[in-house]
Amino acid sequence: MSEHGNTIVSSVSLLPPETENSSNGDVCFSSAIPGWYADAPPLWPGEAHVYKVEKVLFRGKSEYQELFIFESATSGKIVILNGYLQLSEKDEFVYQEMLTHLALCSIPNPKKVLVVGGGDGGILREASRHSSLEQIDICEIDKMVIDVYKQFFPDIAVGFEDPRVSVYIGDGVEFLKSVPEATYDAIILDAFQEMGPGAQELADKHFLESVARALRPGGVLSTPAESMWNKNFILEDIIADCRKIFKGSVNYAWTTVPVYSSGVVGFILCATEGPPVDFKHPINPIDAVPNHGVTKGPPKFYNSEVHTAAFCLPSFLKGGSSKN
């Protein structure tokens with residue numbers, strides 16, 4: 001724990017016009033609303049979500065990232081990674097469950113899965129529910145993230161306790177380049193800016209090609225995507241680009257996560273050429289044969305009905321663009 005741990009915040013606040021604001025989403029200190037934290041992502045200009053800070057639990061910086069954790073008044077513990085809100089204790093399970101099960105429940109009998117990023121352990125926790133899995137690999141660039149989550153979020157980091165899990169500390173992009181062809185049944189990406197106007201790695205054709213190469217025929221990718229409410233989000237372009245690379249079915253799904261900007265998060269699901277994958281209708285339902293893995297109980301959000309509903313798109317999105 002850093003030297004700032006277990007102290008009460010006195011000056012994290014909503015930014016007034018005269019306060020400095022960094023370009024990477026960091027919220028600077030001011031005295032406008034002492035004791036509050038403002039999450040103002042650069043892809044959502046003119047908006048901010050504010051949270052009353054009860055206690056600062058951790059501040060730390062590794063070779064790669066800065067991590068800030070605080071206890072909020074209404075959402076439990078909140079994690080800020082490099083200036084971006086990563087998760088809240090109140091609703092983290094929604095994102096983790098959907099990102100994991102939309103992929104793993106869409107293919108029969110998955111054996112090997114790779115998680116890139118996901119150092120909090122939540123995706124591992126959800127993957128542990130799938131008894132068919134024999135190998136669960138995770139590549140996380142920052143060991144600090146893993147260690148801090150184990151300390152402050154044991155119910156999320158419990159995923160690391162699954163004996164099928166192998167942890168690789170390193171760069172996920174480089175790791176994927178070294179993976180033999182057709183190794184995994186599913187790859188879940190949780191290390192990069194979501195697909196959309198702010199994407200870098202997920203807009204890189206060569207990186208996505210390395211993902212597709214690492215998947216077996218009929219293998220699947222699950223990755224977060226931008227909210228449909230972002231005015232610069234053009235779904236049609238993303239779908240078209242992914243189809244060129246993965247050759248199989250490609251779909252956009254969405255769900256509600258209150259802590260995220262607009263309260264909505266999207267997902268892109270891609271299948272490689274091979275046995276057809278119908279993402280909209282789960283053929284490997286986890287609610288058919290309950291298996292809690294290393295967790296304490298069943299999923300709190302995901303079920304087969306929610307799975308199918310996640311692919312239902314509003315009329316304005318069926319044309320390929322966001323509403324605005």
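## Aromatic pairs and cluster

Rings of Phe, Tyr and Trp (its six-membered ring) are paired if their centres lie within 6.5 Å, and the pair is stacked for planes under 30 degrees apart, edge-to-face for planes over 60 and tilted for the rest. In this predicted model, local features need pLDDT of at least 70 and side-chain atom pairs count only at pLDDT 80 or more, while totals for chains, interfaces and linings use all residues. Residues are numbered from 1 along each chain as its sequence is written, and side-chain values use heavy atoms, with hydrogens and water left out.

One aromatic cluster is formed by Tyr37, Phe68 and Phe70. Buried residues have under 20% relative accessible area and exposed residues over 50%, with partly exposed in between (1.4 Å probe, protein chains only). Phenylalanine 68 therefore counts as buried at 9% relative accessibility, and phenylalanine 70 counts as buried at 0%.

Tyrosine 95 and tyrosine 260 form an edge-to-face pair, with 6.0 Å from centre to centre and 90 degrees between the planes. This pair links distant parts of the chain, 165 residues apart: tyrosine 95 is in helix H1, and tyrosine 260 is in the loop between strand S11 (247–256) and strand S12 (264–272). Both tyrosine 95 and tyrosine 260 are buried.

## Charges over rings

A charge sits over a ring if NZ of Lys or CZ of Arg is within 6 Å of the ring centre and within 35 degrees of the ring normal. The charged end of arginine 59 is placed in this way over the ring of phenylalanine 68, at 4.5 Å from its centre. Likewise, the charged end of lysine 77 sits over the ring of phenylalanine 153, 5.3 Å from its centre.

## Overall architecture

The protein chain contains nine helices and 12 strands; these are DSSP runs numbered from the N terminus (helices: H or I, at least four residues; strands: E, at least two). Of the 324 residues in the protein chain, 55% are buried. The chain exposes about 14100 Å², of which carbon and sulfur atoms supply 52%; accessible areas come from the Shrake-Rupley method with a 1.4 Å probe, and for residues only the protein chains shown count as cover.

A contact means heavy atoms within 4.5 Å. Among contacts in the protein chain between residues at least 6 apart in sequence, 67% join residues at least 24 apart.

## Nonpolar cores

A nonpolar core is a set of buried Ala, Val, Leu, Ile, Met, Phe, Trp, Tyr and Cys residues joined through side-chain atoms within 4.5 Å. The largest such core has 62 residues, and those with the most contacts inside it are Ile69 and Phe267. Helix H1 (residues 92–104) gives the most to this core, contributing eight residues. A second, separate core of 34 residues includes Met195, Phe207, Cys242 and Val250.

Beyond neighbours within four places in sequence, the contacts of phenylalanine 267 include Tyr95, Met98, Leu99, Leu102, Tyr252 and Trp254. Tyrosine 95, not counting residues up to four places away, touches Asp190, Pro224, Val257, Tyr260, Val265 and Phe267. The C-alpha atoms of tyrosine 95 and valine 257 are 7.0 Å apart in space, although the two residues are 162 apart in sequence.

In helix H3 (residues 143–152), the buried residues are Met144, Val145, Ile146, Val148, Tyr149 and Phe152. Aspartate 142 caps the N-terminal end of H3, with a side-chain oxygen 3.0 Å from the backbone nitrogen of methionine 144.

Histidine 307 lies in helix H8 (residues 304–309) and counts as buried at 0% relative accessibility. Its side chain is joined to that of serine 106 by a polar contact of 3.5 Å. A polar contact is a pair of N or O atoms within 3.5 Å; within protein, one must be able to donate a hydrogen and the other to accept it, and residues adjacent in sequence count only if both atoms are side-chain atoms. Apart from neighbours within four places in sequence, residues in contact with histidine 307 include His101, Cys105, Phe279 and Tyr302.

## Positive phi values

Asparagine 109, in the loop between H1 and strand S6 (112–117), has a phi near 55 degrees, a positive value in a residue other than glycine. Asparagine 109 is partly exposed at 45% relative accessibility. Lysine 247, found in strand S11, has a positive phi near 75 degrees and is exposed, with a relative accessible area of 54%.
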